[in-house]
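This report looks at a few residues in turn and asks where each one sits and what lies around it. Please keep the sequence and the structure at hand while reading.

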Amino acid sequence: MDLSSGRFNETANLGQVNSVALDGRESAFVSNLYKGMLYRVDLSTGITAPVAGYIEYPADVAIDATGRQVYVLSALGRIYQVDPMSGMRTEVVSGLKGVWGIALNGRGSAYVTSSDGNLLRVRLENGEVSEIASGLGDAYRVALDGLGNAYTTAFTEGVLIKVDLTTGRITKAASGLGNPIALALDGRGSAYVTNTHGVLWKVEGLSTEV
């Protein structure tokens, strides 16, 4: 989609997909929740290839700073590291509950949101889990701003929430978003949020450095 004009073009038709992440190398990695598949899409040609399968309900996808490792969050409470070339997957952590969103900080940790309102930090090297904040509502996606904050959306309440990752302090950044399910930051102080009613919202005035 062209954000200035609102025009959009279909790049690939992958069925009932639920998450996408870009590797900075003209490829997108897309998961299909019910097929349990992870796909790679060449953004210049639209050519699609399966990367890994038999992933139990992949809820969200994130890519590390090198673009060489893909992390898939399963709705059944697991995080898998997937090699995008071989498709080999390694379980990083299990036992998480009600998880829906994942973001990487580039320093060896993943931040995960859950439907029971928690923001968790997971050390990818050893699977250590710690709670950063609670009381976030039924949080879906999560994004990091590069300035020590996480943003997430509460589905039922229709709000965009900012969390200070050092103190756990929670502030409301925007409201009236319907039922938001996806979130991205653009690095210029704006968040883009989609909801189940087919609306794309732009929330300006955020301080970001992504």
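Which residues does Asn118 touch, not counting residues up to four places away in sequence? The model examined here is a predicted one, and in it Asn118 touches Val112, Thr113, Glu131, Ala133, Ser134 and Leu136.

## A residue in a loop

Asn118 belongs to the loop that runs between β10 (109-114) and β11 (119-123).

Side chains of opposite charge can pair when their charged atoms come close. A search of the whole structure finds five salt bridges, and one of them is formed by the side chains of Arg141 and Asp60, with a distance of 3.7 Å from N to O. Arg141 lies in strand β13 (residues 139-144) and Asp60 in strand β5 (residues 58-63), so this pair ties together parts that are 81 residues apart in sequence.

Are the two partners buried or exposed? Arg141 counts as buried, at 9% relative accessibility, and Asp60 is buried as well, with a relative accessible area of 5%.

## Salt bridges with partly exposed and exposed partners

Another salt bridge brings together the side chains of Arg78 and Glu91, at 3.6 Å from N to O. This pair links distant parts of the chain, since Arg78 is in strand β7 (residues 78-82) and Glu91 is in strand β8 (residues 89-93), 13 residues apart. Arg78 counts as partly exposed at 25% relative accessibility, and Glu91 is likewise partly exposed, with a relative accessible area of 44%. Salt bridges that share partners join Arg78 and Glu91 with Glu56 into one network.

The side chains of Arg188 and Asp186 also meet in a salt bridge, where the distance from N to O is 3.8 Å. Here Arg188 is exposed, with a relative accessible area of 67%.

Which residues make a nonpolar surface patch of about 280 Å²? The patch is made by Val20, Leu22 and Leu43. Of these, Leu22 is found in strand β1 (residues 17-22), and Leu22 is exposed, because its relative accessible area is 59% and the cut-off for exposed is over 50%.

Key: Residues numbered from 1 in each chain as written. Predicted model: local features only at pLDDT ≥ 70, side-chain atom pairs only at ≥ 80, totals over all residues. Heavy atoms only, no water. Helix = DSSP H or I, 4+ residues; strand = E, 2+ residues; numbered from the N terminus. Contact = heavy atoms within 4.5 Å. Patch = residues over 30% accessible without salt bridge, like charges linked within 9 Å, V, L, I, M, F, W, Y side chains within 5 Å. Areas by Shrake-Rupley, 256 points an atom, 1.4 Å probe, with all protein chains shown as cover. Salt bridge = Lys/Arg side-chain N within 4 Å of Asp/Glu carboxyl O. Buried < 20%, exposed > 50% of the residue type's maximum accessible area, 1.4 Å probe, protein only.
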